[in-house]
Amino acid sequence: MILIVLKAQIRPDRRDVWLSGIAEYKKNVNSEPGNISFDYHENVEKENEFVIVEVFRDSKAGDEHVKTDHAQKFFDFMGSVVPEKPLINFQSEDGKDAWVEMGEVTPH
């Protein structure tokens with residue numbers, strides 16, 4: 001399992017372009033056979049800061065993702081909407097499930 005978390009500040013004047021572009025990218029990534037999930041969220045305390053959470057089946061799926069046309073185009077697109085380099089947290093646990101139940105919380 002590959003878990004990637006990106007944090008990016010989006011230029012306010014490019015916000016609408018970003019929202020359109022990230023929505024299209026989400027559709028493309030979600031259609032990849034090795035993708036488990038792709039979500040993005042805006043920080044409610046810091047306007048125009050977004051977090052992207054991507055989960056892939058394994059490192060092969062992650063490698064294949066980066067090589068896709070839509071990923072390559074998105075990397076270039078993202079450069080046009082950010083004022084600084086995004087931050088990334090990359091975790092690789094091949095052979096592990098992407099999501100497991102949280103033991104500390106029990107529905108009641």
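The model is a predicted one, in which local features need pLDDT of at least 70 and side-chain atom pairs count only at pLDDT 80 or more, while totals for chains, interfaces and linings use all residues. Residues are numbered from 1 along each chain as its sequence is written, and side-chain values use heavy atoms, with hydrogens and water left out.

The buried residues of α2 are Ala-61, Gly-62 and His-65. Viewed down the axis of α2, these residues fall within an arc of 100°, so they line one face of the helix; the arc is that of the directions from the helix axis to the C-beta atoms. On the other side of α2, Lys-60 and Lys-67 are exposed, that is, over 50% relative accessible area.

Helix α2 (residues 59-67) packs with helix α3 (residues 69-79) at an angle of about 65°, their axes lying 5 Å apart; axes are lines fitted to C-alpha atoms, for helices over the stretch in contact, and angles run from 0 to 180 degrees between N-to-C directions. In this contact His-65, Val-66 and Lys-67 of α2 meet Asp-69, Ala-71, Gln-72 and Phe-75 of α3. By class, three nonpolar, two polar and two charged residues take part in the contact of α2 with α3, with Ala, Val, Leu, Ile, Met, Phe, Trp, Tyr, Cys and Pro counted as nonpolar, Asp, Glu, Lys and Arg as charged, and the others, Gly among them, as polar.

The largest pocket has a volume of about 340 Å³. A pocket is here an open set of points on a 1 Å grid over the protein atoms alone where a 1.4 Å probe fits, with protein on both sides within 12 Å along at least five of seven lines, and its lining residues have an atom within 4 Å of a point. Of the 19 residues lining the largest pocket, Leu-6, Glu-54, Phe-75, Met-78 and Ile-88 are the closest to its centre. The elements that give two or more residues to this lining are β1 (2-9), β3 (49-56), α2, α3 and β4 (87-92), and by class the lining has twelve nonpolar, three polar and four charged residues.

The protein chain comprises three helices and four strands, which run β-α-β-β-α-α-β from the N terminus on.

Methods
Contact means heavy atoms within 4.5 Å. Grid points are joined across faces, edges and corners, and a volume is the space filled by probe spheres set on the points. Buried means under 20% relative accessible area, exposed over 50%, partly exposed in between (1.4 Å probe, protein chains only).
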